[in-house]
Amino acid sequence: MPVQVTSEELYHMGFIKAHQVNGPLKRVAQKLIKAGYIKSYNARTRLFRLKQRENGDCVFLMENRLCSIYENRPSICRGFPFNGARPGYCPSQRTKQVQKVMQNSSLKNKSIHKKSKTKF
Ligand code: SF4
């Protein structure tokens with residue numbers, strides 16, 4: 001699944017400068033395509049599509065299956081696994097961390113649900 005990002009996200013990812021965020025994005029896109037970071041730019045939606053490898057992996061996914069820009073990853077990736085890139089597409093070790101967070105939030109929800117049941 002291709003990951004699409006805005007120019008603001010490209011700024012947070014460290015690929016463009018602040019003054020370029022609202023600048024002529026076609027020119028920005030040309031530079032980023034040449035650098036190998038993005039595959040294309042849609043002028044109508046103003047979204048950039050991150051480049052993928054031949055096997056469909058994101059270009060920022062390293063051989064060890066970890067994201068090379070994890071701390072600055074786009075917002076769609078931050079929602080993983082609830083939305084965004086398909087399971088197995090993003091770092092597996094991070095996925096374990098996400099599963100732990102999900103498990104904890106599930107336990108909290110059960111606890112809240114239990115408390116609310118006892119009140120009524
Ligand atoms: S989290 Fe995954 S899809 Fe998102 S930028 Fe990193 S490697 Fe690419």
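Predicted model: local features only at pLDDT ≥ 70, side-chain atom pairs only at ≥ 80, totals over all residues.

A: Residues are numbered from 1 along each chain as its sequence is written.

Q: How many helices and strands are there in the protein?
A: Helices (H or I, at least four residues) and strands (E, at least two) are DSSP runs, numbered from the N terminus. The protein has 4 helices and 3 strands, and along the sequence they follow the pattern β-α-α-β-β-α-α.

Q: What is the order of the strands in the sheet?
A: Strands of a sheet pair through backbone hydrogen bonds, either parallel or antiparallel; here two strands count as paired if DSSP finds at least two bridges between them. The sheet is open, with the order S1-S3-S2 and antiparallel pairing, and its edge strands, S1 (4-5) and S2, each pair on one side only. S1 and S3 are joined over 2 bridges, and Gln4 has Arg49 in S3 as its bridge partner.

Q: Which residues touch the most other members of the largest nonpolar core?
A: In soluble globular proteins, nonpolar side chains tend to be buried together. A nonpolar core is a set of buried Ala, Val, Leu, Ile, Met, Phe, Trp, Tyr and Cys residues joined through C-beta atoms within 7 Å, where buried means that 20 or more other C-beta atoms, placed from the backbone, lie within 10 Å of a residue's own. In the largest core, of 18 residues, they are Ala29, Leu32, Ile38 and Phe48. Helix H2 (25-35) supplies the largest share, 4 residues.

Key:
Buried ≥ 20, exposed ≤ 12 C-beta atoms within 10 Å, placed from the backbone.
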